[in-house]
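Hi,

Here is the structure I promised to pass on.

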Amino acid sequence: MDKTFYITTPIYYPSAKPHMGHAYSSIIADFFARFKRIDGFDVQFLTGTDEHGLKIQRSAEKQNIDPLEFCNQISQTFRDLSQTLNLTNTDFIRTTEERHKKTVQHLWNELEKNDDIYLSKYSGWYSVSDEAFYNEDEIEEFNGVKRSISSKSPVEWIEEESYFFRLSKWEKPLLDYYESHPNFIAPESRKNEVISFVKSGLKDLSVSRKSFSWGIKVPNNKDHVIYVWLDALTNYLSALNYPNTNDKLFKNFWPASIHLIGKDILRFHAVYWPAFLLATKIELPLRVFGHGWILSGDEKMSKSKGNILDPIEIINEYGLDPLRYYLIKEVSFGNDGNISQERLENCINSDLANNFGNLCQRVTTFAIKNCNGKIPSEIEFQKDDLIILNKYKVNLDKIRSKIDEQNINFYIDYIVNSLFEANKYFNDQEPWNKKDNLVRLNTIVYTTLEIVRKISFLLNPIIPESSLKALKIFNLTQSDIELETISDNEFLTKGKDINKIDILFKKIEKKND
Ligand code: MSP
């Protein structure tokens with residue numbers, strides 16, 4: 001199958017319950033997965049949990065629970081969240097699974113075989129919260145505590161025997177790769193950060209730890225566990241059954257189309273991961289996209305800062321689709337954003353209830369009354385109708401290519417404009433004044449219904465549940481949604497019954513006090 005698409009989210013640390021930042025990465029990945037699926041692609045969509053390392057071991061110790069038991073509990077809350085967010089992930093991987101351990105140890109052996117790993121001693125700064133090593137010039141002192149300048153997480157000094165990966169050897173090949181694959185890292189600003197980091201010189205990377213045991217053992221040296229990032233990054237391959245390169249999953253879906261990640265973990269995905277892959281002669285993923293953060297106030301949310309926003313609370317109050325719509329529309333993709341109750345309520349009242357929900361209700365109510373409750377049969381398109389209808393056909397390839405550039409902002413603007421134009425068309429054409437010209441009345445109704453159908457298809461990856469509710473007007477279900485058909489102006493079967501639908505979005509009463 002040539003139309004395949006493999007998208008991954010980061011695998012999340014199950015050190016605490018999921019928060020809005022995790023929900024954000026997952027919802028965006030789901031949006032792309034759903035879009036590609038309605039565009040006829042065979043999609044593999046992976047998410048999961050990253051369960052080894054000192055961060056998790058310490059979190060479990062704090063609660064006096066065995067680390068695996070601790071992970072079992074919290075990983076389940078991430079799995080549950082996938083359902084709550086209506087994600088269409090095709091797999092959920094846990095790094096404590098046997099399938100994953102085998103792949104990691106295989107990769108380690110390959111690196112060792114190629115002389116990319118050697119035993120030495122590490123001394124330097126380490127942040128348990130980030131599971132990252134930092135150079136002297138990447139840390140600062142704040143209130144007497146040393147911390148990472150970029151993440152603000154505290155660092156501790158470690159000195160121990162460690163295996164090293166010859167990262168320095170890959171400096172030049174990485175720079176060459178970035179140059180010959182200009183789309184590998186996105187957005188552009190992030191790419192520049194990565195390139196200047198690599199140009200500043202790469203030191204060999206410590207890839208094992210000896211002072212704790214919660215991890216995958218180094219083959220042939222059980223005193224060491226494999227560095228949690230080498231372990232975690234490999235999940236993208238273990239989920240495709242690598243090293244079984246004859247496996248259908250691996251054959252169809254590697255290299256990954258896109259690793260979607262937060263900008264905080266770009267270095268791991270755009271420097272370490274490609275270096276491991278170059279060293280083991282495995283093809284590199286096609287794209288690594290580092291999105292912005294969901295801020296709470298001015299800061300990134302995190303458990304240690306105590307400023308967590310709970311997605312479940314927002315969903316309970318406003319519903320899932322409004323949250324999905326908000327995150328996709330109001331957080332400019334690639335930049336940081338935040339959750340403002342006022343802007344969320346505006347999205348619901350104005351875009352969703354007024355512009356989309358209301359249009360669906362108005363045209364169906366009108367058709368039920370004036371067209372015998374059926375999709376009109378006798379129609380004759382005029383210029384005005386064709387202008388608005390043909391727009392979708394004309395822009396279809398542009399929409400596809402914008403999505404391939406991860407330009408979500410274009411996509412959502414396109415929908416918002418389309419809704420505006422559709423409402424304007426229905427108002428300007430005044431079908432209620434055309435009762436003496438039934439063909440014209442029918443044509444306006446048919447055109448508007450067609451537009452409702454096309455926009456509901458486009459909205460499907462963003463607000464899947466509501467889009468399906470709207471499509472009940474025509475008795476259409478998920479499997480009827482094919483992006484290609486938005487270029488068809490007579491997709492709706494003439495003469496078929498129209499169904500009345502429930503209100504799609506309830507308006508929020510604004511409290512002024
Ligand atoms: N376990 C590693 C990732 C390993 S991937 C091989 C990790 N986990 S994490 O749980 O700390 O965060 C994972 C991702 O969650 C971030 O990269 C980002 O995509 C998302 N977010 C976490 N906090 C976030 C915000 N406040 N805002 C937006 N996304 C953020 O790092």
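Let me start with Gln-361: leaving aside neighbours within four places in sequence, Gln-361 is in contact with Ile-501, Asp-502, Ile-503 and Leu-504, where contact means heavy atoms within 4.5 Å. Before the rest, some housekeeping: this is a predicted model, so local features need pLDDT of at least 70 and side-chain atom pairs count only at pLDDT 80 or more, while totals for chains, interfaces and linings use all residues. Residues are numbered from 1 along each chain as its sequence is written, and side-chain values use heavy atoms, with hydrogens and water left out.

Back to Gln-361, which lies in helix α13 (helices are DSSP runs of H or I with at least four residues, strands are E runs of at least two, and both are numbered from the N terminus). Gln-361 counts as buried at 16% relative accessibility; the classes are buried under 20% relative accessible area, exposed over 50% and partly exposed in between, with a 1.4 Å probe and protein chains only. A polar atom of the Gln-361 side chain is 3.3 Å from the backbone oxygen of Ile-501. I use "polar contact" for a pair of N or O atoms within 3.5 Å; within protein, one must be able to donate a hydrogen and the other to accept it, and residues adjacent in sequence count only if both atoms are side-chain atoms.

Asn-370 also sits in α13, which covers residues 341–370. Asn-370 is partly exposed, with a relative accessible area of 25%, and touches Lys-435 and Leu-441, not counting residues up to four places away in sequence.

Now the ligand. It is surrounded by 25 residues, the closest being Ile-11, Ser-25, Asp-50, Gly-262 and Ile-294; a residue is in if one of its heavy atoms lies within 4 Å. That shell divides into 13 nonpolar, 9 polar and 3 charged residues (Ala, Val, Leu, Ile, Met, Phe, Trp, Tyr, Cys and Pro count as nonpolar, Asp, Glu, Lys and Arg as charged, and the others, Gly among them, as polar). At least two shell residues come from each of α1 (20–38), α7 (228–233), α8 (235–238) and β14 (258–262).

For polar pairs, a ligand oxygen is 3.1 Å from a polar backbone atom of Tyr-13. A polar side-chain atom of His-22 is 3.2 Å from an oxygen of the ligand, and an N or O atom in the Asp-264 side chain is 3.2 Å from a ligand oxygen. The protein covers 95% of the 660 Å² of accessible area that the ligand has on its own (Shrake-Rupley, 1.4 Å probe; for residues, only the protein chains shown count as cover).

Leaving aside neighbours within four places in sequence, Leu-327 is in contact with Met-20, Tyr-24, Ile-27, Ile-294 and Ile-339. Leu-327 and Ala-23 are 304 residues apart in sequence, yet 9.5 Å apart in space, C-alpha to C-alpha.

Last one: Thr-88, in the loop between α3 (67–84) and β3 (91–94). Thr-88 is buried at a relative accessible area of 19%. Its side chain makes polar contacts with the side chains of Asp-30, at 2.7 Å, and Arg-37, at 2.8 Å.

Cheers
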